[in-house]
Amino acid sequence: MVAKKGSRGVVGGEDGEEELTRVPIQAIVLADSFATLFRPITLERPKVLLPLVNAPMIDYTLTWLESAGVEEVFVFCCAHSKQVINYLENSGWFRQPNFSVTTIESQNATSAGDALRLIYERHVIRGDFILVSGDTVSNMSLTQVLKEHKERRKKDSDAVMTMVIKQSKTSPITHQSRLGTDELFMAIDPETKELLYYEDKADTSKGTIALDKTLLIDNSSICLHNDKQDCYIDICSPEVLSLFTDNFDYQHLRRHFVKGLLVDDIMGYKIFTHEIHSSYAARLDNYRSYDTISKDITQRWTYPLVPDIRFSGKCLTKLERQGTYLASDIGLSRSAKIGPFTVIGGGTTIGNYTEVSNSVIGEGCTIGSNVSIDGCYIWNNVKIEDGCKLTHAIVCDGVMMNYGAVLEPGVVLSFKVIIGQNFVVPAYSKVSLLQQPIKQDSDEELEYADNSSGNIEIASISNAPERLEEELMTGLSDSQIQAASEVGNGGVGFIWSVGEGGHGEEWRHSVAPIPADRLVEIMKTATDELEISNEDGTALPPSGELEPDSLYDSDEDVKDDSTHFEREVEATFLRAVDENVKEDHVILEVNSLRLSYNLASADCAGALFYAMMKLAVDTPHGSSGDLFKNVTSVITKWKKLLKYYLHSIDEEIEVILKFEEMCLESAREYSMLFMQVLNLLYNLDILQEEAILDWASEKEGADESDKLLLKQAESFIQWLKTASEEEASEED
């Protein structure tokens, strides 16, 4: 089945020869993460079968590959391989027309390198192929990146891989991306897009990154980035598989293979990048990315892979107002409140006065009365009794929470755990029916529930919630009795101890928002700024394009920084709106961005005002009156945040200038409301009359074309002048 190697660089009749020797577009899907970040859940179920907004992760990957024109997929299964194979069989993926899915099973592979070596031995890959994990969510087209890769290969046979990347600036406080991954540094040739350097740094490293001086000598220019996200979507030539076979020390795709090729001067193989802009692509690497990507799905960034479009065997939901998705057969009390960006699966019932917001609830769940659920992921057949409170937690299939139980932020309850009455599960706790392994595996080692020493599984339990407690309490061993005592009266489950980093590090990969006190602590201790140096110790600028003979800043760079800053502030503000983040938390985030971009309070005020007004105009409205109501609602709710950055008249004038710019350029719908909004800002004590009058005074000498909004607000400004004069005369 091995395709014959054709002679490279042959001219004439090449297109016809390609047509005759055409092989199907192939993909390899790694259905094993070879990591432990989703423990204890993945001790019982493979990661690719975990529900993501009520559909298994692998369904997102396979649906995308099928829609992108891939014809043959080889799914590599290792840990819990039987579960994966059974799912693919029962869900119909083996029977799709024009889309062949074949599984390759192994019982002893412990890394991605082992997987690719085994696939190479099977001789199933006959040309260039797509390499992804089974936890990838994307809607990107593969046409352009495949074309670029093939054209590049014709000119340079050493171009063996193309990596898909996208813009994603990391938090200047935590040095993590919004997906919870470490800050990534990449050096890329801006002309050829060749990858020259790749390094991911943890927050605690605080050191320098070393660039080999030969990079600057051998390349006319280099762009060094820490604002890119690795999408873990690779277009590979067949040589990639043979390289893994020839190098048994290649285990990890990035840490070993990519870095190994970049420093190998003998073989000369090259890796290139392809940046996507409007498309979506992300990999679920940890609990934080699970939370982030779930929110992206409910907010429709992944369209058409969204809850109200059927793309797997999942129960179809209907999109309602405020981004709420409800199945047709749910039992919802009239007094229950369902907040924005919430998904509720079929057969679920919700009791009186229960409040649910920013959460995903699976199928067949029973939720009692006076329950509070915020920012949670509740899977299937879960029973939650009256008076429980859940905040930013993951609750797996078959869990039972007795009356009044509380889950603090970051909690993970694995399958069929029972939480006792009124018991409070501490923040970031992980609870499982399996005891924590005595020896923790490394991230590259295999996750086997069946073979892990130290794991004691409580007897098989029915999914029926009402029978859980009775079955669990029958014939328990000493260790199982211990489990029952760890989570309250009537509860069953082991609370896993925290790793070496302690609770202080648990927030990094949690579904819970980062606590404000943690951000304050990090900002106080982060005194060492990143210094980029070459190996001779010569300092280099922290970002941008490096050229041997000229290192300079330009007005265009400053403009780009301002644009990126505004986008980052807008994204921060929208997350605050969606997740009900407090103003103090948002201020910390915006302050860190201000320091990162070296900007002033006026820039923060302008950027925040822009974000607020954009939210108002993006909110559905049928008339100018409705739009003004939107503005009033947003500004009134967030005025404390905006006023924090209005320390002087100059900052207030910046807000007016930003609004003027929106009216004339990006949001002309506001031009008819300029005076009304100005009046609103004055009445809410956001703008002082001095700022408005100073702005008007500066406009007096402008061209007539620049006075359009000034003339519209003329009556309001005249009223302010009169009031000011009367106040001055009264004081005299």
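This is a predicted model: local features need pLDDT of at least 70, side-chain atom pairs count only at pLDDT 80 or more; totals for chains, interfaces and linings use all residues.
Residues are numbered from 1 along each chain as its sequence is written, and side-chain values use heavy atoms, with hydrogens and water left out.

Helices here are DSSP runs of H or I with at least four residues, strands are runs of E with at least two, and both are numbered from the N terminus. Axes are lines fitted to C-alpha atoms, for helices over the stretch in contact, and angles run from 0 to 180 degrees between N-to-C directions. On the helix 17 side you will find Phe-628, Val-631, Thr-632 and Ile-635, which meet Gln-676, Val-677, Leu-680 and Leu-681 of helix 19; contact means heavy atoms within 4.5 Å. By class, this contact has 6 nonpolar, 2 polar and no charged residues. Ala, Val, Leu, Ile, Met, Phe, Trp, Tyr, Cys and Pro count as nonpolar, Asp, Glu, Lys and Arg as charged, and the others, Gly among them, as polar.

Now stay with helix 17 and look at helix 16 (residues 601-618). These two pack at an angle of about 150 degrees with their axes 8 Å apart, again in a right-handed crossing. Among the residues that meet here are Leu-608, Phe-609 and Met-612 of helix 16, and Val-634, Trp-638 and Leu-641 of helix 17. The contact of helix 16 with helix 17 divides into 15 nonpolar, 1 polar and no charged residues.

Helix 15 (residues 583-597) also packs against helix 17, at about 35 degrees and with the axes 10 Å apart. Its contact residues include Glu-583, Asp-584 and Ile-587, while those of helix 17 include Lys-637, Lys-640 and Tyr-644. Here the classes come to 5 nonpolar, 1 polar and 4 charged.

The backbone has some details to visit too. Most residues other than glycine have a negative phi, and most peptide bonds are trans. Val-53, though not a glycine, has a positive phi of about 50 degrees; Val-53 is buried at 3% relative accessible area. Asp-685 has a positive phi of about 60 degrees and lies in the loop between helix 19 and helix 20 (689-699), where it counts as exposed at 55%. Buried means under 20% relative accessible area, exposed over 50%, and partly exposed in between, with a 1.4 Å probe and protein chains only. A cis peptide bond joins Arg-39 and Pro-40, with omega about 5 degrees, and another joins Tyr-303 and Pro-304, with omega about 10 degrees.

Stepping back to the whole chain, the secondary structure comes to 22 helices and 39 strands. Of the 732 residues, 53% count as buried.

Notes:
A crossing is left-handed if the near helix is turned anticlockwise from the far one by less than a right angle, and right-handed if clockwise.
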